Amino acid sequence: MSSSKSDDELEAWILYKLAKHGYFHGRHTAFENIVKGFKQQHLGKEGHKRLNKLADELIKRGFVNKKPTSYGLHISLNSEKSKEIKDFIKVTLGIDLESVH
């Protein structure tokens, strides 16, 4: 039986990971760091490609800001959507982030 996570769950985990490390406002991290810490069994056949696609979707939806740098693409959470992000994480994962940000 597969323990692959749904797209919503993986998106929420991406957002949670960024929020937990305080990547709001001007603090950002390399786009490549998104894939770190995820088990292959949770990602399904597409693996890290799936995470990259979901991260791109979060950028399109405005939850994540991208910041091109001379040393690669960096990302951070959109502070203006802080409440939406926290609500999405709470509904999807059952984790309350009111203590973050």
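Buried means under 20% relative accessible area, exposed over 50%, and partly exposed in between (1.4 Å probe, protein chains only). By that scale Asp96 is partly exposed, at 45%.

This is a predicted model, in which local features need pLDDT of at least 70, side-chain atom pairs count only at pLDDT 80 or more, and totals for chains, interfaces and linings use all residues. Residues are numbered from 1 along each chain as its sequence is written, and side-chain values use heavy atoms, with hydrogens and water left out.

The structure holds five salt bridges.

Next, select Asp87 and Lys83, another such pair at 3.0 Å, N to O. Both sit in helix α4 (residues 82-93), four residues apart, about one turn of the helix; helices are DSSP runs of H or I, at least four residues, numbered from the N terminus. Lys83 is exposed at 60%, whereas Asp87 is partly exposed at 34%.

Then pick Glu46 and Lys53, whose side chains meet in a salt bridge of 3.0 Å, N to O. Lys53 counts as exposed, with 54% relative accessibility, and Glu46 as partly exposed, with 43%.

Finish at Glu9 in helix α1 (residues 7-20). Glu9 touches Thr92 and Leu93, not counting residues up to four places away in sequence; contact means heavy atoms within 4.5 Å. Glu9 is partly exposed, at 28%.

Note on methods: Helices (H or I, at least four residues) and strands (E, at least two) are DSSP runs, numbered from the N terminus. A salt bridge is a side-chain nitrogen of Lys or Arg within 4 Å of a carboxyl oxygen of Asp or Glu.
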